[in-house]
Amino acid sequence: MKRHIKGTLIGVLSAGILALAGTAYADSNEPIKIPIKNWSSQIVMAHVIGGMFESIGNTVEYVPVDNQASFEAVRVGDIHTLHEVWQSTMQNAYYAAMEKGGLIDAGTHDAETLEEMGVPNWVIDQGLCPGLPAWEALKDCYANFATPDSGGKGRWLEGPLSWHGDVMPNRIKGLGLDDTWVVKFAGAADALWAELEAAKKEGRGTVIFNWTPNFTDAEGFSFIEFPPYYDGCRIADGGDLSTTGCGSPKGWLKKAAHYKFPKTHPQAYTIFSKISFTTPQIGSMAALVDLHKMTHEDAAVKWLADNEDVWKPWTASVLGESN
Amino acid sequence: MSPPRIPLKAVQFSGLLVAFFVLANFVDSSDANWLWRFPPLLKDLPFIINDTVQKLLFEWMPIEIYDPDIDDYESSPLFREVTRAVSSSLLVIIEFTREVILGGVKTIVVFTDWDFINENPWAHWPALPWTVITGWAIVLGYRLRGIGLAILAGFSTVYISVFGQWEPSMQTLSFVLVTAPVSVVLGLALGIWAFRSKSVEAALNPLLNVAQTMPHYSYLVPVIVLFGVGDHAAAIATIIFATPPMVRLTLLGLKNVPADVVDAGVMNGCGRFQLLFRVLIPTAKRDVLIGVNQVVMQCLAMTVIASFIGAQGLGSNLMIALNSLKIGTGIEIGVCIVLIAVVLDKMSLAWAHKQKDYFADRTLFQRYSIPILLVAILAGGSILAWIGSFLFEEGRNYLYIVPHNKGITTAPFWQAAVDWTWDTFFFILKDFNEFLITQVLFPMRDLYLGMPVVATFLLMMGTAYILAGFRSALIVGGFLLFIAFSEYWDRALITAYMASFVVIVSAVIGLTVGSLCAQSAVASRAILLVCDFLQTFPSFIYLIPVIMLFGITDTSVIIASVVYATVPATRYTIEGLRSVPVVIQEAGTMSGVSRMQRLVSIEFPLAFPHIMLGINQTVIFGLFMVIIGAFIGTTDLGQLILKAISDRHGTGIGITLGLCVAFIGLAVDQIIRTWAERRKKELGLG
C-alpha cells in the first residue's frame, strides 16, 4: 500500500515537471476521453471519432457514463467530448452545464433530428387509428390505445420526465385531447423499446415517444404530424395553453467539449469541431450494429474503412497544418 | 407473554384506528387547510443545500493551482482538490490491479508520463492469458477449501471466458478487488472505533442509517462533482454503499463478546492491540465474516449503478445490451456478475476460516508447492498463448484472451425462453394485471393520497407509541415532519403506497417459504443460494421481461420489487427458525406438542426478533427497489430523483429527495427495531 502511495506521489510530481517542459502547440499525449453511453449510434460514433483521433497519433480512452450524468462530467473535465447532444431530449442538461461553466459548444452536425410522438407502422397498417399520421385522427381512436392504468383513455408513452418536463401533458391540453388521452412517463429508453415490443406481440395500439435516426427505423415507425412548431409556442418560452399544441421542432444534433480541450489537444479539437455527420451516415453506423449484428468496435472500423472520403478531409486539414 | 398486555394493545389499536378514521373523514381536503397538507416550509431547502454544496465545492478556500495544460493558473477550492487527490490515488490502485490481469500502460504512466509511452511502444505491460487466471483460481480454490471450491472457481472462469465476457469481467473483478477490501478495512476500523467510544457510536449511527437507506443515485451528482467520472468515482460510491453493513456487523460482533473472554485476555497480559486483534476480533469472527459476505454482495450489486458514473466492465455492457432489448446477452452478463460474487464470497470465507498449522513438518518442496504450481501455470499458460498466436488469425488469440463478444452465446435460447413465457402467460396475466391495477393498486393509492396529513401522523406515531414507546413515537414524528414540510409529501405517499404493498406481499411470501424450507437442512441451503443469486443478479435484467408482460405500470414496479425484497424476509426467517436451540425443540416434543404446535407456539415466538429484523430489511430493500422502479416509470419520489441528475439545482434536489426516502425507511425501521428489541427482552433472549 505504502509503495503505491509513494509511486503516486513520484508519478504526479514527474508528470507535472515533464508537462511543464512540453510544447503548447502539439496535442498532449494524455488520452482523450470519449464517453460511451447506451445506444448504438452513440457508441459506434464514439469509436469512429476515436479512430479519427488515433489516425493523427492521439491516444483515446472510452469511459462508460450515464447520459444525464455525462454533462456534469464534461463540465468538470473528466471526459473531453460529447458527440451526440440531441436538442429535444438533452438541451436542458446541455444549457445547464454551459451556464454553470466548463462546457463549450463544439459545433453542430449536419443531421437534423426529429424527436416526436409516433406509432409503429403496423398500427397504421392494421387500421387501429384511421387518418394517422395527422394528429386530428387521435380524437376518435383513443380507445384502441388504452392500457389497464389509463382509465379508459388512450395512453401516450413519453420518455423520462427529465427529457422535456411537462411539454407533452401541455400539448395534450393545448390540442384539447386531455379528455381522451393521458400521458405516462417511462423511466428510461429501454422501457420504451420494451413497450414497443410488447405492443407488437399483443397487436395493441401504442403511441410512444421516439426519434430518428434510431434502430427502430428498421421496423418502420411513423411520426404523428402535429401543428407546426414556432418559437415561443411552449410554456417555457412564453406560450400558453392555446399554443402548446405545437409539435416538436426539427432539432439540432450538437457536439460539446470541455473548455480546456482546445488547449490541451488543439489538433484533435480542430477535427472534432469539423466533424459533421448527416442523418444517413448516423443511420448507417447504427445499422451495422442493430441490423448486421456487428460489435460496436468492429462496426466503427468498418465504417471508417468504407467512408474515408467523408472523414479524411477533416483530419487532413490538421495534418497539413502540422507539417 | 404476560396475558394482560395483549388486550391492552388491542384496545390501544382500536382507539387509534377510530381516531384515524374520524380525522380522515372530517378533515376538509383543501390545500389551504393545514390539517390536510402542511405548508411546504422547507420548500427552499433543496436550494439551500445546493448553494451550500456549491460554496463548499467551488468557492470555499480557493487555492491557486498551476495547470500546465492551459499554461495558466486556475483557482480551485481546497476541498475539491482533497477529494480529487483521494480519488486519484484510488484510481492508481484500481488500474494497477486491472493491468496485472489485463495488461496496459497506465501503471507505467504513473511512474513516467504519456509522452514516454508514446515514444516507447515497448512500454506496455502484457495481459495474463485467461488460462493462467483459470489455473490460479482452481489452485487457490483447492488450497483454500478443497475440490468443491476448485470446481466452482474453474467453472466460473471458464464460463466467463467462453461467453466472451472475459475483459469486462476482469475489469469488474479488479474494481471489486479494490473496493471490497477498502470497505472491509474501513468498516472494521469504524466499527472498532465506535466500539471503543460511545460518542462515536452515537454520531455514526444516523450516518449509517442514512447511507443505507438513501437511494444511491440521489447522491450521484455530488459524487461526480467531488470525485469525477470514472472508476475512482464509482469506487467511492460503491464504498459508501458497501461499508455500512460491515461497520454494523463489526460493532454487533464486538459487543457480543462475553466479558469473561475479555477478562481472560487481560489476565494473560494482553496489550490494547493484542486484546483487540488476538482476542476481540477472533471471538467476533462470525459476525465480522457475515459483514465481509455483505460487502462482497453489495459491491457487486452496485456494478450497474457504478457504470452510470464511469466504472468500466460488466455494468455498462449490461445497460448497452438491455437498451437494444438483447435480454439473452443481459442474462449472460448477469450470470457473470453472480459467479464473481459467489466465488469471491466463498474464497474470502474459506480464507478467513483457514487455520494456520504451526506444527506441520514439511519439506522445502511441500512448503513451496503452491508458489511453484502457480509459476508452472503461468509458464504453461504463456506458452499456450504463444502457440495460439500462430493458430488464430485476425488478431484473435482464443488461448490468450477471448475477445469481447466473440465467444459462444446462448442469447437465442434465452430470447426464445422470454418469447415462450410471453406467449404462454401474457393473456392470462393481462386480466390479472387489469384486475390488480383497477381493483387493488389504484384504490390503495387513492386511499393513501386521501389521508389528511394529521391522520397520517396520528396513525404512524400512534403505532410507534403502542409498539415501541413514547421516544420512538417522537423520532418517527420528526422524520415525517421533514417530509411533510417539503414539497414532496404527495409523492412520498405514492412511494409509501407501493412500498407497503411490496412489503406485505414479500413478507407473506418470505415467511411462508422460509418456514417451509427451514424444516429441512437441504431445502434451507438451496433456498439461501437462491437468495444470494437474487441479491446480486442485476434487477435491471428482469425489469425488461416484467415490463413486456405487465407494461409500464405500477404492477411491473411492484413485481420487480417483490422479487428483491423477499430475499431478506426468507433469509432471516430460515436463520431465525434454524437457530432455535435443539434442546428447546426437544423439550416441546417431549411435552407432547405436535409439529405444527411446536412451530407456532415455540419456534415462531423464539425466532420472532430475528424474523422482525428480516422484515426490517425487507422494508429497506422494498423501498430501495420501488425507487429504482423510476427506471420503469413511476410518479413517486424516484422519478424526481432521476430527473434531478440533470437539473441545474440537481445536487440539492437529489439530496433532499434522497433524505425523504431515507426518512420513510428510518421511521419504519425505528418502530420495528425497537419493537423487536422489546420482544427480545421479554423473551429473555438478550
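How are H8(B) and H9(B) oriented to each other? Some notes on that and on the rest of this predicted model follow.

1. Starting with the helix pair: helix H8 (residues 166-196) and helix H9 (residues 198-213), both of chain B, pack with their axes 5 Å apart, at an angle of about 130 degrees. An angle over 145 would count as roughly antiparallel and one of 65 to 115 as roughly perpendicular, so H8(B) and H9(B) are oblique to each other. On the H8(B) side the contact is made by Leu190(B), Trp193(B) and Ala194(B), and on the H9(B) side by Val200(B), Glu201(B) and Leu204(B). By class, that gives 5 nonpolar residues, 1 charged and no polar ones.

2. Now the domains. Chain B splits into domain 1, built from 5-49 plus 426-682, and domain 2, covering 130-409. Their C-alpha centres lie 30 Å apart. Across the boundary, 27 residues of domain 1 of chain B are in contact with 28 residues of domain 2 of chain B.

3. Who does the touching on the domain 1 side of chain B? At least two residues each come from helix H24 (521-536), helix H25 (539-550), helix H28 (595-628), helix H29 (637-644) and helix H30 (650-682) of chain B. H30(B) supplies the largest share, with 11 residues. The class count for this side of domain 1 of chain B is 19 nonpolar, 7 polar and 1 charged.

4. On to the contact between the chains: chain A puts in 66 residues and chain B 58 residues. Within the side of chain B that touches chain A, helix H20 (residues 411-449) of chain B gives the largest share, 6 residues. That side of chain B has 31 nonpolar, 19 polar and 8 charged residues.

5. Then there's the largest nonpolar core, with 266 residues. H30(B) turns up again here, giving the largest share of this core, 16 residues. The residues with the most contacts inside the core are Val44(A), Leu220(B), Ile224(B) and Ile309(B). As general background, nonpolar side chains tend to be buried together in soluble globular proteins.

6. Leu220(B) is worth a look on screen. Which residues is Leu220(B) in contact with, leaving aside its neighbours within four places in sequence? In chain B, they are Ala237(B), Phe308(B), Ile309(B) and Ile645(B), and from chain A there is Ala69(A). Ile309(B), one of these partners, is also on the list of residues with the most contacts inside the core.

Notes
Residues numbered from 1 in each chain as written. Chains lettered and ligands numbered in written order. Predicted model: local features only at pLDDT ≥ 70, side-chain atom pairs only at ≥ 80, totals over all residues. Contact = placed C-beta atoms within 7 Å. Helix = DSSP H or I, 4+ residues; strand = E, 2+ residues; numbered from the N terminus. Nonpolar A, V, L, I, M, F, W, Y, C, P; charged D, E, K, R; others polar. Domains from an automatic or database assignment. Axes fitted to C-alpha atoms, helices over the stretch in contact; angles between N-to-C directions. Parallel < 35°, antiparallel > 145°, perpendicular 65-115°, else oblique. Core = buried A, V, L, I, M, F, W, Y, C linked by C-beta atoms within 7 Å. Buried ≥ 20, exposed ≤ 12 C-beta atoms within 10 Å, placed from the backbone.
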